[in-house]
Amino acid sequence: MADPRFYDNKGPFALSALCALAVADVPTGSNGAALVRGVAALDGAGPEHVAFATGKAELAQSKAGFCFVEPGAGVHAPAGMVLIECAMPAVAFAACAGHFYPDNGLAAWSQQTPVDPSAQIGAGVMLAPGVVIGPGAEIGEGTRIGPNTVIGRGVAIGRDCEIGSNVTITHAYIGDRVLIFPGVRIGTPGFGFNSSAKGHTKVPQLGRVIVQDRVEIGSNSTIDRGALGDTVIGEGTKIDNLVQIGHNTHVGRHCIIVSQAGISGSCALGDFVVLGGQVGVADHAHIGDGARIAGKSGVTPGILPGGRDYGGIPARPAQDWRREVAALALLARRKKKTK
């Protein structure tokens, strides 16, 4: 569900209006005048929300009141849920999300002063020239913010943080004693699209970023906000310069992420994970506690057990990877001798 600190809900809307928007018929026996009050993921939806499903198993535990599904999918609605059949449930859901939250893109607002009067600024806060702080933002005691940094509407920043120059933070909650270097972008929209023969349609990004205590984020790194849930950076994690972290990814406590690593959306890193420089992590990958990934490796979707070292593309146990590299070098030398 979208956090009202960051997003304005334009609803409620009648079920019939949402069905028309999704190019779907009002389900037989349903009340077209029933009010839908918001959008949510299946696992977080309530009776007043509309969600979407791509499989049978997802529906069983959901409490959503309304759900888009494919025609003839053979799914059965839990008690109290209205199933809305449409050709592309994800596209229909995205259209409804944009209808409820039309201002979901890049953060923009209007205010008369650099620091909005509704912002709460703690004791001992230091603001350099050019700092902009949006409506309803909260800055904890002793935090220092560098020149030309922008803190968006509703953002909450903890105590004794150090935030460098030219930083942008939106749609985020930042813990205590967090160190953020110049040029960092936190809370920008995730890279999510629905693709069809007509092109690529942006999926509204309605989530947040949660940065826990004592995290360090290096210069020009970016952390995208979640699509519906949260992107989370665990306590004590250290992020180098030029790192990209995609939407809905959860990074555990005390991880090390080295320069130019890229983590796709919906990944999960356990505690004390180490990613070497230029490691790429594909979407929906899960890396267990204490795993260490060698530089330039590629982690594919799936589960990498913790407590081991990995390397290569695709990433595999480091001992196997080194043996394969040595064997390949040996074959190349033998081929030269043969010639």
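Author: What follows goes through the salt bridges of this predicted model, pair by pair.

Some background comes first. Side chains of opposite charge can pair when their charged atoms come close. To count here, a side-chain nitrogen of Lys or Arg must lie within 4 Å of a carboxyl oxygen of Asp or Glu. By this rule the model has 11 salt bridges.

Start with Asp3 and Arg208, whose closest N and O atoms are 3.0 Å apart, which makes the pair a salt bridge. Asp3 belongs to the segment before β1 (13–14), while Arg208 sits in strand β21 (residues 208–211), so this contact ties together parts that are 205 residues apart in sequence. How buried or exposed are the two partners? Asp3 has a relative accessibility of 11% and counts as buried, because buried means under 20%. Arg208 has a relative accessible area of 23% and is partly exposed.

The side chain of Arg5 meets that of Glu138 in a salt bridge, at 3.2 Å from N to O. As for accessibility, Glu138 is partly exposed, with a relative accessible area of 30%. Arg5 counts as partly exposed too, at 26%.

Next come Asp309 and Arg292, which form a salt bridge with their closest N and O atoms 2.8 Å apart. Asp309 is in strand β37 (residues 309–311) and Arg292 is in strand β34 (residues 292–293); the two residues are 17 apart, and the pair links distant parts of the chain. Asp309 is partly exposed at 31% relative accessibility, and Arg292 is partly exposed at 46%.

In the pair of Glu138 and Arg5, Glu138 is partly exposed and so is Arg5. For the remaining pair described here, Asp309 and Arg292 are likewise partly exposed.

Methods: Residues are numbered from 1 along each chain as its sequence is written. This is a predicted model: local features need pLDDT of at least 70, side-chain atom pairs count only at pLDDT 80 or more; totals for chains, interfaces and linings use all residues. Side-chain values use heavy atoms; hydrogens and water are left out. Helices (H or I, at least four residues) and strands (E, at least two) are DSSP runs, numbered from the N terminus. Buried means under 20% relative accessible area, exposed over 50%, partly exposed in between (1.4 Å probe, protein chains only).
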